[in-house]
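Let's take a walk through a protein together. Have a look at the sequence and the model below, and then follow along one step at a time.

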Amino acid sequence: MSTYPQTLAKPQQIRSALSIYRVLATVAGIALFVLILEMVMKYAFKQTNVLTEYWSPIHGVIYMAYAASVANLGLKAAWGPVRIVKNLLAGFVPVLPWIAERRNTVQTEALLSRAYVAGDGTSSEEPSPGR
């Protein structure tokens, strides 16, 4: 009998979701700084250019991708709803997506190492085609 929690996805699925989340957390953090720059240019300096015209919707799409990656990782790693919401809110505060990404990566890697120790993270337990 396995000690691997049944609510978790397979380790490879979690690792894949973590990779996507890490990239999008970094991109969302950068996009948030660009959005702040764009807002200062648009509202404080009354400038109009390509950045001030198009960045807000682009940032919105980037944030939605980030939100989807948080939900994907959260569901696969069996996070509670409070943790998922906290990570979604982290996308609204500059620098916080990077802090949350680092913390979530460390915790998810620890979760995956426990899965491998439990014996469910390797493919050696799967029956071979000849058996």
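Two residues are said to be in contact when they have heavy atoms within 4.5 Å of each other. Before using that idea, note that this is a predicted model, in which local features need pLDDT of at least 70 and side-chain atom pairs count only at pLDDT 80 or more, while totals for chains, interfaces and linings use all residues. Residues are numbered from 1 along each chain as its sequence is written, and side-chain values use heavy atoms, with hydrogens and water left out.

Let's begin with the overall plan. The protein has four helices and zero strands, and from the N terminus its elements run α-α-α-α. Helices here are DSSP runs (H or I, at least four residues), strands likewise (E, at least two), numbered from the N terminus. Of the 131 residues, 34% count as buried. Buried means under 20% relative accessible area, exposed means over 50%, and partly exposed is in between (1.4 Å probe, protein chains only). Among the contacts with a separation of 6 or more, 68% are between residues 24 or more positions apart.

Now zoom in on N87, which sits in helix α3 (residues 81-90). Is N87 buried or exposed? Its relative accessibility is 5%, so N87 counts as buried. Which residues does N87 touch, leaving aside its neighbours within four places in sequence? They are Y21, Y66, V70, W79, A100 and N104. A polar atom of the N87 side chain also lies 2.8 Å from the backbone oxygen of R83. This is a polar contact, meaning a pair of N or O atoms within 3.5 Å; within protein, one must be able to donate a hydrogen and the other to accept it, and residues adjacent in sequence count only if both atoms are side-chain atoms.

Helix α2 covers residues 50-76, and its 27 residues should span 39 Å, which agrees with the 39 Å between its end C-alpha atoms. The expected span is 1.5 Å times one less than the number of residues. At the start of α2, a side-chain oxygen of N49 reaches to within 3.0 Å of the backbone nitrogen of L51. Further along, α2 bends by about 35 degrees at S56, with a proline, P57, following within four residues. Such a bend is the angle between axes fitted to the seven residues ending there and the seven starting there. After α2 comes A78, whose phi is positive, near 60 degrees.

Finally, let's look at charges. Side chains of opposite charge can pair when their charged atoms come close. A salt bridge is a side-chain nitrogen of Lys or Arg within 4 Å of a carboxyl oxygen of Asp or Glu, and the count here comes to two. In one of them, R15 pairs with E109, with the closest N and O atoms 3.1 Å apart. R15 is in helix α1 (residues 11-44) and E109 in helix α4, 94 residues apart. The side chains of R22 and E101 also meet in a salt bridge, at 2.7 Å from N to O. Because R22 lies in α1 and E101 in α4, this pair ties together parts that are 79 residues apart in sequence. With 34% relative accessibility, R22 counts as partly exposed, whereas E101, at 9%, counts as buried.
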